[in-house]
Amino acid sequence: MKKDIALYLGSGGARGYAHIGVIRELEKQNYNIKFISGSSMGALIGGLYASGKLDLYEEWVLNLDPLDVLKLIDFSFKKGGIIEGEKVFNIMADMIGSLKIEELSIPFVAIATDIKSKQPYLFKEGSLREAIRASIAIPTLFTPVLKENMVLVDGGLCNPLGIVQPYDDSLYSIAVDLSGRESINEAFKLPINPKNPLLKKVSDFFYSKKAENEKLNSIGIIQDSIETMQKIITDAHLEKVEPDLTISIPNDLCEFYEFHKAEEIIYYGNQSAKFLL
C-alpha cells in the first residue's frame with residue numbers, strides 16, 4: 001500500500017543533490033509524492049521531478065567533473081550578481097521546455113523572495129522555468145528575476161526548508177533539511193571508487209583554481225554568511241511548523257559550489273532516507 005506524502009525540499013547549494021537520493025528511496029519504498037514545495041535547489045529538484053525530467057538531470061550531473069563546473073561559471077558584475085548563470089539556466093531551460101506549473105502531474109510550489117517587499121513569493125502557476133530561476137537566484141551571486149514590480153531572489157532567504165501549506169492537510173509530511181548540524185555519518189558515504197585514477201588530479205586542479213580566484217573565495221564568504229542566517233531561520237521555522245519526518249543532511253557534507261560531487265551527495269541522501277523511512 002502506498003503512503004501519500006507532501007515533500008518539502010530545502011535550500012543548500014550542491015547539497016541539494018541529496019534530494020535526488022531521498023526521492024529515489026521514497027520511490028523504492030512505495031511512497032506516493034502527492035505534493036512538492038521547495039526553495040532554491042529544493043525548487044529545482046522538486047520542479048524537475050514534478051515535470052518528469054529528474055532522470056535527465058541526474059544523468060547530466062553525474063557526468064560533471066570539476067572542470068565542467070568551472071566552465072559553467074560565467075562571472076558578471078553588471079546585473080546585480082557575481083555570476084550571470086545563463087550557461088546553467090540555458091541547460092535547465094532545454095530540459096524543462098515551456099512547461100507551466102499548472103500542467104505538472106504533481107502539485108508544485110516554488111518559493112522565491114521579493115527583496116523589495118521583504119516577503120516570500122510563491123510560484124503556484126505560470127512558467128516552471130521562471131519559477132525555478134527565481135528560486136535559485138542566490139543574492140549577490142546570481143542575477144535576480146524581475147517580475148512585475150518585484151525583484152525575486154533565492155527562496156532560501158525567507159524559507160530555507162521550503163515548507164508551505166499543502167493542498168491536503170491529511171498528507172504525511174516529509175522535509176529534507178540541508179543545514180543539519182550533526183556530524184557526517186561515515187556509514188552513509190559512498191565507498192571510494194578507484195576506477196578513475198585521474199579524478200584526484202582533476203579535483204586538485206579545481207581546488208588550486210579556487211584558491212587562486214578571489215571571486216570564488218568571495219562567493220564562499222557570501223554563501224557562508226547566507227547559510228548562517230538560513231540555519232537560524234530554519235530552527236525558528238521548525239519550532240512553529242514541524243513536519244511528520246525531517247531528513248537532515250549535514251551542512252558540512254560539501255561546499256555549496258561542489259556540483260561535481262553529485263554521485264556521493266546523491267548516495268548520502270539516499271542512505272539518510274533509507275535509515276529513517
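This is a predicted model: local features need pLDDT of at least 70, side-chain atom pairs count only at pLDDT 80 or more; totals for chains, interfaces and linings use all residues.

Before the strands, a reminder to myself: two strands pair if DSSP finds at least two bridges between them. With that in hand, I looked at β9 and strand β10 (residues 245-250), which pair in the parallel sense over five bridges.

**Entry: around β9**

I checked who faces whom on the β10 side, and Val 176 stands opposite Ile 247 in β10. Then I turned to strand β1 (residues 3-9), which runs parallel to β9 and is joined to β9 by five bridges. There I picked out Leu 7, whose bridge partner in β9 is Ile 174. How many of the nine residues of β9 are buried? I get eight, so to speak a mostly covered strand, for residues 172-180.

Next I followed the chain into the loop between β9 and α7 (199-212), where Arg 181 has its place. Buried or exposed, I asked of Arg 181? Arg 181 is exposed, because its relative accessible area is 60% and the cut-off for exposed is over 50%. I also took a C-alpha distance here: Arg 181 and Asp 252 are separated by 8.1 Å, though they sit 71 residues apart along the chain.

**Entry: the whole chain**

I stepped back for the totals. The protein chain has nine helices and ten strands. Of its 277 residues, 52% count as buried. The chain exposes about 13300 Å², and carbon and sulfur atoms supply 53% of that. For contacts with a separation of 6 or more, I find that 79% come from residues 24 or more positions apart.

**Entry: the cores**

Which residues touch the most other members of the largest nonpolar core? I wrote down Tyr 17, Tyr 57 and Phe 108, out of 63 residues in that core. Helix α2 (residues 41-50) gives the core its largest share, seven residues. Apart from this core lies another one of ten residues, including Ala 6, Ile 111, Val 164 and Leu 171.

I then listed the contacts of Phe 108, leaving aside neighbours within four places in sequence. Among them are Ile 36, Ala 43, Gly 46, Gly 47 and Ala 50. The list for Phe 108 also includes Ile 101, Phe 123, Lys 124 and Leu 128.

**Entry: helix α5**

In α5 (residues 86-96) I found these buried residues: Phe 89, Met 92, Ala 93, Met 95 and Ile 96. Looking down the axis of α5, I see them fall within an arc of 160°, so they line one face of the helix. Just after α5 comes Gly 97, with a positive phi of about 70°.

**Entry: Asn 270**

Last stop, helix α9 (residues 262-276), where Asn 270 lies. I count Asn 270 as buried because its relative accessibility is 15%, against a cut-off of under 20%. What does the side chain of Asn 270 reach at 3.2 Å? It is the backbone oxygen of Gly 21. The side chain of Asn 270 also makes a polar contact with the side chain of Gln 271, at 3.2 Å. Leaving aside neighbours within four places in sequence, I have Asn 270 in contact with Gly 21, Val 22, Arg 24 and Glu 25.

Technical notes. Residues are numbered from 1 along each chain as its sequence is written. Side-chain values use heavy atoms; hydrogens and water are left out. A nonpolar core is a set of buried Ala, Val, Leu, Ile, Met, Phe, Trp, Tyr and Cys residues joined through side-chain atoms within 4.5 Å. Buried means under 20% relative accessible area, exposed over 50%, partly exposed in between (1.4 Å probe, protein chains only). Helices (H or I, at least four residues) and strands (E, at least two) are DSSP runs, numbered from the N terminus. Contact means heavy atoms within 4.5 Å. The arc is that of the directions from the helix axis to the C-beta atoms. Accessible areas come from the Shrake-Rupley method with a 1.4 Å probe; for residues, only the protein chains shown count as cover. A polar contact is a pair of N or O atoms within 3.5 Å; within protein, one must be able to donate a hydrogen and the other to accept it, and residues adjacent in sequence count only if both atoms are side-chain atoms.
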